[in-house]
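Here is a short briefing on a sheet, its helices and a ligand shell. Please keep the structure open while you read.

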Amino acid sequence: MHQLIPIVSPFFLAGTELDEQPDWATIFGNHNPLVFEIGCGIGDFVAVMAARHPDWNFIALDFYNKGCLKSCRRVERLGLTNVRVVRDEARNFIRRCLQHASLQAVFINCPDPWPKRYQRKRRLVNQEFIALLQPYLAPGGIFTFSTDFDDYGTDVAYLMSRQERFANLLAPDLWRHELDGYPRTKYMLKFMAEGKQIFFVQYRRVTEEA
Ligand SMILES: C[S@@+](CC[C@H](N)C(=O)[O-])C[C@H]1O[C@@H](n2cnc3c(N)ncnc32)[C@H](O)[C@@H]1O
């Protein structure tokens with residue numbers, strides 16, 4: 001049986017040990033807006049964003065233990081008190097630990113592409129996932145997706161363009177290869193170094209009446 005390296009950090013939370021619907025204001029010690037990164041990897045993106053936005057609370061989630069450990073070390077090193085690194089599976093965590101309309105932003109950067117055709121059903125972001133995620137975004141909340149994999153980028157771009165409750169922030173484009181000031185992640189840098197382009201897709205959840 002594979003042993004998990006224990007993570008001892010004031011910024012770490014094991015999702016399975018969290019209460020259902022935890023009180024995030026108590027966890028962070030304030031009522032600042034909640035931002036959620038899914039698949040935070042080594043925590044490079046959340047570290048830049050949390051330093052830029054000290055008045056936002058960041059939940060950085062990954063089910064990869066070593067990534068959570070590296071993310072915690074980075075957050076500690078930089079003294080970022082507005083980040084909590086959660087080890088959990090994204091869909092389980094969303095259902096168990098978040099409240100509807102509680103997220104001001106969701107970021108998903110370079111999720112596993114599952115490149116072979118027969119693997120595509122394993123991709124995280126698809127219609128079912130967007131239907132799950134959508135009510136957890138506050139009206140006006142922003143959803144940003146990036147990928148280094150062309151056909152994942154175009155699939156998510158077309159998928160999002162069909163969502164009634166989301167407005168395209170990059171219109172008239174369905175995707176862009178640049179987003180001003182957007183921090184580069186480890187995977188983005190790796191693929192950019194290979195000459196690949198990153199696909200960015202960005203939407204705002206509209207109010208129910210809109
Ligand atoms: C290809 S890596 C990208 C990491 C980082 N976002 C970056 O751009 O460098 C994808 C990450 O998503 C995590 N991941 C994939 N599916 C997940 C899921 N269902 N729940 C939580 N984390 C997941 C993986 O463990 C991995 O760390």
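Asp62 has Arg87 in strand 4 as its bridge partner. This is a predicted model: local features need pLDDT of at least 70, side-chain atom pairs count only at pLDDT 80 or more, and totals for chains, interfaces and linings use all residues. Residue numbers start from 1 along each chain as its sequence is written.

**Sheet**
- Strand 3 and strand 4 (residues 83-87) run parallel and are joined by five bridges.
- Eight strands form an open sheet in the order 1-4-3-2-5-6-8-7, with mixed pairing.
- Strands here are DSSP runs (E, at least two residues), as are helices (H or I, at least four), numbered from the N terminus; two strands pair if DSSP finds at least two bridges between them.
- Strand 1 (12-14) and strand 7 (166-168) are at the edges with a single partner strand each, so one side of each has no neighbour in the sheet.
- From one strand to the next, the twist averages 20 degrees.

**Helices on the sheet**
- Helix 2 (residues 44-52) lies across strand 2 (34-38), strand 3, strand 4 and strand 5 (103-109), and runs at about 180 degrees to strand 3.
- Helix 6 (residues 150-161) touches strand 6 (137-147), strand 7 and strand 8 (199-205), and its direction makes about 20 degrees with that of strand 8.
- Contact means C-beta atoms, placed from the backbone, within 7 Å; angles run from 0 to 180 degrees between N-to-C directions, with axes fitted to C-alpha atoms, for helices over the stretch in contact.

**Ligand shell**
- The ligand is surrounded by 18 residues, each with its C-beta atom, placed from the backbone, within 6 Å.
- The closest are Gly39, Gly41, Tyr64, Cys110 and Thr185.
- Strand 3 (57-62) and helix 7 (186-193) each give two or more residues to this shell.
- Helix 7 provides the largest share, three residues.

Notes. Two residues are in contact if their C-beta atoms, placed from the backbone, lie within 7 Å.
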